[in-house]
Amino acid sequence: MATKKPSNLAEHPPPTPATFKQLYGTAFRCAKPECREPLYRVNSDTGETILNSNIAHIHARSEGGPRWKPGMTAEENRHFDNLLPMCEAHAREIDVTPDHYPVTLLREWKHAQSAEFARRQKGWDLSDEQVEEIASVVSVVHDAVAAIKGAMPFSPQQRPRADALELAVRRVRAARSTRLNAVAPGRIEELLRRMGAEQGLPLSVPAGQFRVLVAPMGAGKTEEAWRWFEAGLQQAYDDDAVDIPVWLEAYEAAGGLEDAVRARLGKDPQSRCRVVVNDLDRVDPVLARRLVAEARQLVEVWPHLAVVATAQPGLHLTSGEVIEIEPWPTRRGVELVQVALGSEPPWQIWTPETIELVQRPLTALGLAARLAAGRDADVSRLQLLQDLPQTIIASRRSAAASPKVWDALARLAILILEARGPVPIRAVALGNQANVWQLTDTGLVVERDGQLSFALPVFEQHFGAQAIATEAFKIEHAAGRYSFPVWRYAIASAIATSSRESGREMLLCRLAQANPAALSWAINEIASRDMRAGMRGNNVDPTSDSVVPPYSGERAGASIAAGSQLREAYTALLNGFGPSATALAKHRDGELMQWGVDLKGDWMTLSEHPELTAPPLVALPDFDQLRDLRAFGWFPCTAFPFPSGEFGRWRWARARIGKGLEQAVRRRVLATSPDSPLTSERMWFQSCFVTSTSGFVLGRKSIPIDEVRKIVSFMMEKVRNSVSSRWQKGGHMVDSADVIWLDAQVARFEGTVLKCPNPSPDQPMPRHKWNSQDYSPKLAEELTARILIDAVAGYLDLVQTNFSAFGSALGLYSILPADIRGTITQPPEGEDGYPASLSFSWHPNPNKSPIAAPDIELRTETHPGQWPLWHVPSGARPQSPTAFHLPMVEDVDLPLGDHRPASNLAYAWLARDLRALGWLEQPITFND
């Protein structure tokens, strides 16, 4: 017997028969993309057509049901757009386990099902009897889901409010105590009492707003979040209409922020409520970016909510979302040290350096722990944090500091970082509960619900760094395309805390060869303002021409040694770029060109030999001015202050490679695979160039391949007999490397005629003002779709061929595979006041193969701004796993009529990603 629903719960009416017919008339199979089950199946024995499906609601029909949407009208609920025809199994699955099937995902399925019908025009024509059958099935399943919901286990909403408030207080108190493990156990209660009694108003975040507290590690952002949370607790005590605030560590919201909040509250967040998402830096940037996007959406959907997150600098946020945590007043930090010690510290310790330490609560507590252990206060911030774990262990239980426990902590850090969050005790393989106690007794590790985690992010980073330093976890693995986002702080810590300069430089060399993007990020993260001030020549352009100041006394040995330092960093980074290295620096037969170097005082002069590769370095002859070196064949030459200091050579090498990278990207000459669409476009473009007898003519539709071979053969003679050659026509240029590349392409070309890869216009003459107007709307849509498909394939090929180590650090690469939806805006017939444009959006589709071509859906309009942007993604948009923002909607000129349309788009996407990583300084635009 069906369970009767409480009379106070809202329920919408079922869909109408006409809607049932519309749903089945526009769908053939289950809406779940990978499911091939038809909505009706045919009995092989009887030939009878049997119903094999049900209608699922995206937003539930009944209050309290899966994905229920308050405020939705009855007509909206029973409308075609809110209903999904699905096979019986999946229709039930999405309602029984709704957390795995959010609204945004189901909307994607709905759109895909409609798009499939538009392509195939295949559906089911229902009779009235079949409609009645479907309606009865929908009713039975609806009641069954209600029955299942009634039998669900305990919900937090069933807990008395007083108990729930008390539990929230205990949770935040336990969390605060855990983060105070640097303090002697006997002082924690007093410290909590004093912190709770601090004067001053907590931060203010209005309902319907999202803010992020941003500050370096240990600067007090979590403390400010606690104060704001506790003010919300007080509001909940005073007013029953206010929901109990929700505190979530970032990893606890991995399954979805709204679902996590709803699970903690036991209901939809409809009332006033405060939500904290703490430590976004302790999760994969993929998740951090997604949580930021979900928080923005959450406060829009539930306007009574206020959400605060905490993060270190680097997260992409709008200016209105950021609340920067200022350094603590000195008096506040000094009082924290006094309370933690239980006595007045000696006045002699207060120096400018220690005053700076107490302006952050973590280092203030670390200083107190160090003083309590009988050690001096003469310590840098970096050393203080490095020593903190050992100081805590020694103060709590000296036996716990055994090498066995130390190794176990490093193993635990590896497991937590690889799992991207707390790990079950059984996964740590500690043997027995006594060994678990040894870890938790250190004060560095906490156990919660059978899972282990570090009490503070600094401990996780410290022991991750130890794992790298001891080779328990290879830095090459930590810098991998998928691992680096979670290991990045441990890598930076391992480099910064290396006890020997030679060991640090070895780590940097290995990191550069494994992932140049990782090295670039790490040296920026480590270098403080003081370090940057101590680096000579960091802001000097290493490729600029300068006059060497008069200086006597050449030192060939010192010059070679200094040049070796620069070349080692330069070569390591080039190796990290893989095959694209030859496009970023001059090579001959795969070897880097020989360098001539001269060090005079603080100035380095450097030139590349035009022909030789060995030996790698030679000393330049004596000279007074750079022009004197031309007589010896060294030209061009550059002179610059030698980049000494921390990471100086690495910054210099990065800047030098960046110049070559910018040129290769701007000229669109990076390596591509033979079957890449970009290879076809480049071959056609360069063939047009070399066969043009007057200027540079691109209007041809085909070129005899023998004509190309003959001219390229002649050009190759010049290439072989010269150091470097260039040809210029019509504002375009090819050089020796281009001719060598084209020679290889024509050698492998099969056929007699090279054809233009882009079809001709289909509109009658005369030609219009804009190239795109020469194409009919139908052909424009077809060609644009093909260009987008080729551009995505070309972008993937560029990344995988040239930047494979960068991987998910590249913004667009991280969200692929994805489909594209867009709108072509054409000027009305007979008008040419503006060029045609293309606006499109990315729709990630994880169900596809990573190399699958995107599904493209385009529409055409002739009234800019009047057509609604139908292709804009709705709901929470999947985010890039980098700290770099991708635009939700991209607007470009319609690429029809371009000679390299796919190349222009693919390189534009790549340039945007590389600039976000710091490898390109300026934006680059591409046109022919």
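1. How many of the seven residues of strand E8 (residues 305-311) are buried? In this predicted model, seven of the seven are buried, so E8 is largely enclosed by the rest of the structure. The side chains divide between two directions: Leu 305, Val 307, Ala 309 and Ala 311 point one way, while Ala 306, Val 308 and Thr 310 point the other way. Both groups are buried.

2. E8 belongs to an open sheet of five strands, ordered E6-E7-E8-E5-E9, with parallel pairing. Strand E6 (246-249) and strand E9 (322-324) stand at the edges; each has a single partner strand, so one side of each is left without a neighbour in the sheet. From one strand to the next, the twist averages 20°.

3. Strand E5 (residues 210-214) runs parallel to E8 and is joined to E8 by five bridges; here Val 214 has Ala 311 as its bridge partner. Strand E7 (residues 273-278) is likewise parallel to E8, again with five bridges, and Val 275 is partnered by Val 307 of E8.

4. Helix H9 (residues 257-265) lies across E6 and E7 and runs at about 130° to E6.

5. A second open sheet consists of four strands in the order E25-E23-E24-E26, and its pairing is mixed. Its edge strands are strand E25 (856-861) and strand E26 (889-893), each of which pairs on one side only. Neighbouring strands of this sheet are turned by 20° against each other on average, direction ignored. Strand E23 (residues 818-825) pairs with E25 in the parallel sense over six bridges, and the bridge partner of Thr 825 is Glu 861 in E25. Helix H30 (residues 777-802) lies across E23, strand E24 (837-844) and E25, at about 145° to E25.

6. On the nonpolar interior: nonpolar side chains tend to be buried together in soluble globular proteins. The largest nonpolar core of the model has 104 residues, and those with the most contacts inside it are Trp 487, Ile 491, Trp 650, Tyr 795 and Trp 842. H30 gives the most to this core, with twelve residues. Apart from it lies another core, of 30 residues, among them Leu 248, Cys 273, Val 277 and Leu 317.

7. The surroundings of Trp 650 deserve a separate entry. Leaving aside residues up to four places away in sequence, Trp 650 touches Glu 505, Leu 508, Cys 509, Ala 512, Leu 519, Ile 523, Ala 569, Ala 572 and Leu 573.

8. How is strand E16 (residues 603-608) placed? Five of the six residues of E16 are buried, so this strand is largely enclosed by the rest of the structure. Strand E15 (residues 595-600) pairs with E16 in the antiparallel sense over six bridges, and Leu 599 has Met 604 of E16 as its bridge partner. The hairpin of E15 and E16 has two residues between the strands, and Gly 601 takes a positive phi near 65° there. E16 also pairs with strand E18 (residues 637-641), in the antiparallel sense and over five bridges; in this pairing Leu 606 stands opposite Thr 638 in E18.

9. The last point concerns a helix pair. The axes of helix H28 (residues 705-720) and helix H29 (residues 736-748) come within 9 Å and cross at roughly 140°. H28 and H29 are therefore oblique to each other, since angles over 145 degrees would be needed to count as roughly antiparallel. H28 passes H29 in a left-handed crossing. On the H28 side, the residues that meet H29 are Ile 705, Val 708, Arg 709, Val 712, Met 715, Met 716 and Val 719. Their counterparts in H29 are Ser 736, Val 739, Ile 740, Leu 742, Asp 743 and Val 746.

How values were computed. Residues numbered from 1 in each chain as written. Predicted model: local features only at pLDDT ≥ 70, side-chain atom pairs only at ≥ 80, totals over all residues. Heavy atoms only, no water. Pairing = 2+ DSSP bridges. Axes fitted to C-alpha atoms, helices over the stretch in contact; angles between N-to-C directions. Contact = heavy atoms within 4.5 Å. Core = buried A, V, L, I, M, F, W, Y, C linked by side-chain atoms within 4.5 Å. Buried < 20%, exposed > 50% of the residue type's maximum accessible area, 1.4 Å probe, protein only. Parallel < 35°, antiparallel > 145°, perpendicular 65-115°, else oblique. Left-handed = near helix turned anticlockwise from the far one by under 90°.
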